[in-house]
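Hi,

Here is the structure I promised to pass on. Have a look at it first, and then read my notes below.

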Amino acid sequence: MLEAVVVTMWLESSDGKLSEHRVGISRDCEQTVRNLYEEYEDKPQKVIAVKCDTAENIKFKQEKFKGLYPYDD
């Protein structure tokens, strides 16, 4: 059984600014990554990184880093 993952990607615009985009949920991380790189191949934005996180991993990070940032509740 494949586990669902949350896919996040980072893009660099033509002026060098970076932006983070949550792509959505997928069951096939590798195929999703391939599709994203192909989709942005001919666009002015450049894919810098793509990351797939499981729900467990996201929960762990939220607990571990809670309170580190001023905007955390």
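**What I found**

The largest nonpolar core has 7 residues, namely Val5, Val7, Met9, Leu11, Leu36, Tyr40 and Val47. Strand β1 (residues 5-12) gives the largest share of this core, with 4 residues. Before you read on, please keep in mind that this is a predicted model.

Leaving out its neighbours within four places in sequence, Leu11 is in contact with Lys17, Leu18, Ser19, His21, Tyr40, Gln45, Lys46, Val47 and Ile48.

**The disulfide**

How many disulfides are there? The count comes to 1, and it joins Cys29 to Cys52, with 1.9 Å from S to S. As a reminder, a disulfide is a covalent bond between the sulfur atoms of two cysteines. The angle about the S-S bond is 85°, and the link is right-handed. It ties together distant parts of the chain: Cys29 sits in helix α1 (residues 29-39) and Cys52 in strand β3 (residues 46-53), 23 residues apart.

**Asp53**

Strand β3 also holds Asp53. This residue counts as buried because its relative accessibility is 10%, and the cut-off for buried is under 20%. The side chain of Asp53 makes a polar contact of 2.8 Å with the side chain of Asn57, and another of 3.4 Å with the side chain of Lys61. If you ignore residues up to four places away in sequence, Asp53 touches Val5, Val6, Ile58 and Lys61.

**The whole chain**

Zooming out, the protein has 2 helices and 3 strands, which run β-β-α-β-α from the N terminus on. Its radius of gyration is 14 Å, well over the 11 Å that the globule rule gives for 73 residues, so the protein is more spread out than a compact globule. The C-alpha trace spans about 40 × 40 × 15 Å along its principal axes.

Buried residues make up 16% of the 73. Of the contacts with a separation of 6 or more, 47% are between residues 24 or more positions apart. The protein exposes about 6000 Å², and carbon and sulfur atoms supply 52% of that area.

Cheers

Technical notes. Residues are numbered from 1 along each chain as its sequence is written. This is a predicted model: local features need pLDDT of at least 70, side-chain atom pairs count only at pLDDT 80 or more; totals for chains, interfaces and linings use all residues. Side-chain values use heavy atoms; hydrogens and water are left out. A disulfide is a pair of cysteine sulfur atoms within 2.5 Å. A nonpolar core is a set of buried Ala, Val, Leu, Ile, Met, Phe, Trp, Tyr and Cys residues joined through side-chain atoms within 4.5 Å. Buried means under 20% relative accessible area, exposed over 50%, partly exposed in between (1.4 Å probe, protein chains only). Contact means heavy atoms within 4.5 Å. A polar contact is a pair of N or O atoms within 3.5 Å; within protein, one must be able to donate a hydrogen and the other to accept it, and residues adjacent in sequence count only if both atoms are side-chain atoms. The radius of gyration is taken over C-alpha atoms; the globule rule is 2.2 Å times the number of residues to the power 0.38. Accessible areas come from the Shrake-Rupley method with a 1.4 Å probe; for residues, only the protein chains shown count as cover.
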